[in-house]
Structures are given as C-alpha cells and as structure tokens.
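Please keep the model open while you go through these notes. Each point takes up one part of the fold.

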Amino acid sequence: MPRILVAGETLIDFIPDAPGPLASVDSFDKRAGGAPANVAVGLARLDADVDFWTRVGDDAFGDFLVETLADEGLSGELVERDSEAQTTLAFVSLGEDADREFSFYHDRTADTRMEPGTVDDDELADYDWVHVDVLSLDTEPSRDAVVDLAERARMTDSIVSFDPNSRPERWGEFSYVEAAKQGFRLADVVKATPEDLREAGFEGDAADLARQLCEFGPHTVLVTLGDEGSYAYATADAPWADEETEVTHDGYSVDPVDTTGAGDAFTAGAIAALSEGEPLSEALAFGNAVAATTTTAGGAMTALPTREAVRTFREQ
Ligand code: ATP
C-alpha cells in the first residue's frame, strides 16, 4: 500500500452559533481543523496509509488536537508538542450569504515553528507521496521546514502535491503570490481553485490556468469548480498519462449543508486514487464523490466520509 505523508498546520476552528459579524457572536463550537489536518484525516478515513507531520502547543487545545488525530487512527509520531508556543486558533464568522471569514491567532504559534530536518532522509524515503500547503509558507521557520521537506522528497521517487489555498487574511510578512509560485516550482501535482490561481496572478479558465502552472514544473493540475465538479490537466510526464491529457468530471448533485473543507476532502480523495494507480478520470470522480459527501454534513473534518460511505454514495 502506498505511504503518504501530509505536512502542515492543525488548529482549532471556533465555529459561531449564528451568522453575523464576529463581534456579535455569543458562542462558538470548538472543532479540530486546518487544511493539511483535514487532508490527513480524509486520507485516514479512506483507509490510506498516512502520517501527519504537524506541531501543536503543550496546552489544552494541543491535547484536544492530539486526541482527535489519534482517534482518527493517525500515528502521533510526527505530531510534535511545543512547550514554548501555543496552538493556533481560528475564529470563524459566517456572512449573510454563508461566506466564511476567518480571524487567525497565529502569531509565532506552534505550527509556525516546525523545523527543517524533522523528517530525516531515511524516513522520507519510505513515503510514496508528500502533500504540503501554502499556509505553511506564510512564516518562518515552518516555511523553510516545508520547502526543505518538499525539495528532499522530489529527490526521491516520491510525488509532491501542493495546495495554494489562498486565505488573504493570513498574508503579512510574506507575499502570497511569491509563496504560491515557490510551491508550484516544488510540486508534481497542484490542486487549486480558479480563485486561488487568480489570486496568485494567473488568468483564464481552468484549462488556461492549468497550462500556465505546468510551466513552473508540475506535471498535473487538479482544479476544483465547486458544484460544477473538477477539471484535470496532465502533461506526458505524469505517471498516469501517456500523453497530454485533459479530463473533466461534472461532480455530484447534492443538497449541501456546509461546503467548508470540500476542497480538502477532494484533495484526500484524489491523492488516495492517484497513489493507488487509478487513472486521472477516476481520481476526479472519486475526489468529487468524497467532497460532495462531505458537503452533506456540517463541520469540515467531522463530515469527511469513510471509503464505505463513498462507495454507497456513488452507487446511489
Ligand atoms: P473549501 O475552501 O470550502 O474547502 P474549495 O473552494 O477549496 O472548498 P470547491 O471547488 O468549492 O473547493 O469544492 C471542492 C469540491 O467539492 C468540488 O470539486 C466538488 O467536488 C465538491 N463540491 C463543492 N461544492 C459543492 C456543491 N454545492 N455540490 C456538490 N459538490 C460540491
């Protein structure tokens, strides 16, 4: 079975009890979150052999995250505890149109202190796939840690995937555009939305965007399109394409309850399929099915489906 390593942040999402501006929210639900954590848990629920490298504070929120990840069957070996920094927190507010805004408490928190070299070359050689996210690149030393991991992974046979998850409220010291491009240069596979790529300075539809990205080095680009499903482009260098390939999948029609984390769910499904040797068309179909299932229940991480649930969903 292919071994997958996901690296990056996990944090506590505080979800409001009602829509409206943050200042008027009375109470919040505490949920484990963070895009890389959602991908790692998504893969674990799909029975993939996945490890998660992250760092949390030696505090009560860190305890909660460690327990949550362990309950999902993820090994705690690469879940570091930091006695000198706190766990990252994100307060969410829901706009009238259900758009989400985030207020991050992320200054010098534990996950920003992940350090290069924690996963050594011998350990890294055991992984077939390494997934990283742009959010680790917004501060140091996590930026160095994740760039170093991806650079070394590319020197092995491992596939490196990258999500340029744009969160404009997170970018201060470093530029999102520059960090996203750094990620594109490190990756074999990029999963993005058209909005992420436009924020990074690219223009055009999904097909144009994917082709522009491949000029930076990736051989495969997966573009998610919300309720319209997803699009993929691969050059002849991709292990799943003998020649330049373009695939679309229209997605599944569902009554969404909460679309938060749908992109992370898609990433987990697509990585699971591609790492198991499935063709690009099946990676899109499976990724869309995992993501659509996730939208039918509340909570980004809690709603992630098992492989059995995805199978049942697709049969229906
Ligand atoms: P998020 O930021 O909320 O995690 P995203 O913006 O990264 O999501 P989207 O393109 O909105 O990503 O959604 C990812 C995938 O989720 C889509 O490709 C699709 O498969 C599924 N999806 C999202 N919204 C819907 C919907 N309304 N109905 C069915 N499927 C959906």
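**Notes on the model**

1. Start with a loop residue. Thr109 touches Ala85, Gln86, Thr87 and Thr88, leaving out residues up to four places away in sequence. Contact here means heavy atoms within 4.5 Å. Thr109 is found in the loop between β7 and α3 (121-124). Helices (H or I, at least four residues) and strands (E, at least two) are DSSP runs, numbered from the N terminus. Thr109 counts as buried because its relative accessibility is 5%. The cut-offs are under 20% relative accessible area for buried and over 50% for exposed, with partly exposed in between (1.4 Å probe, protein chains only). The C-alpha atoms of Thr109 and Gly57 are separated by 7.5 Å, though these residues are 52 apart along the chain.

2. A word on the source. This is a predicted model, where local features need pLDDT of at least 70 and side-chain atom pairs count only at pLDDT 80 or more, while totals for chains, interfaces and linings use all residues. Residues are numbered from 1 along each chain as its sequence is written, and side-chain values use heavy atoms, with hydrogens and water left out.

3. Ser166 lies in the loop between β9 (159-163) and α5 (176-186). Ser166 counts as buried because its relative accessibility is 12%. Ser166 touches Tyr176, Asp196 and Glu199, again not counting residues up to four places away in sequence.

4. Turn to the four-stranded sheet. This open sheet has the order β3-β2-β6-β7, with mixed pairing. Two strands pair if DSSP finds at least two bridges between them. The edge strands are β3 (28-33) and β7 (100-105), and each pairs on one side only. Neighbouring strands are turned by 25 degrees against each other on average, direction ignored. Axes are lines fitted to C-alpha atoms, for helices over the stretch in contact, and angles run from 0 to 180 degrees between N-to-C directions.

5. Strand β6 (residues 89-94) pairs with β7 in the antiparallel sense over six bridges. Leu89 has Tyr105 in β7 as its bridge partner. Helix α2 (residues 60-71) lies across β2 (11-16), β3 and β6, and runs at about 55 degrees to β3.

6. How many residues of helix α1 (residues 35-45) are buried? The count is 11 of its 11 residues. Among them are Ala35, Asn38, Leu43 and Arg45. Asp47 follows α1 and has a positive phi, near 65 degrees.

7. Next comes the nine-stranded sheet. This open sheet has the order β5-β4-β1-β8-β9-β10-β11-β12-β13, with mixed pairing. β5 (79-82) and β13 (245-249) stand at the edges with a single partner strand each, so one side of each has no neighbour in the sheet. Neighbouring strands are turned by 15 degrees against each other on average, direction ignored. Helix α4 (residues 142-155) packs on this sheet and touches β1 (3-7), β4 (49-57), β8 and β9. The direction of α4 makes about 155 degrees with that of β8.

8. Stay with the strands. β10 and strand β11 (residues 220-224) pair in the parallel sense over four bridges. Val189 has Thr220 in β11 as its bridge partner. Helix α7 (residues 206-214) lies across β10, β11, β12 (230-234) and β13, running at about 35 degrees to β12.

9. Check the cavities. On a 1 Å grid over the protein atoms alone, a cavity is a set of points where a 1.4 Å probe fits but cannot get out, and a pocket is an open set with protein on both sides within 12 Å along at least five of seven lines; lining residues have an atom within 4 Å of a point. Grid points are joined across faces, edges and corners, and a volume is the space filled by probe spheres set on the points. The whole structure has two cavities of 30 Å³ or more. The largest cavity holds about 60 Å³. Which helix gives the most to its lining? That is α8, with five residues.

10. Finish with the pocket. The second largest pocket has a volume of about 240 Å³. Its lining includes Phe104, His106, Arg108 and Glu173.
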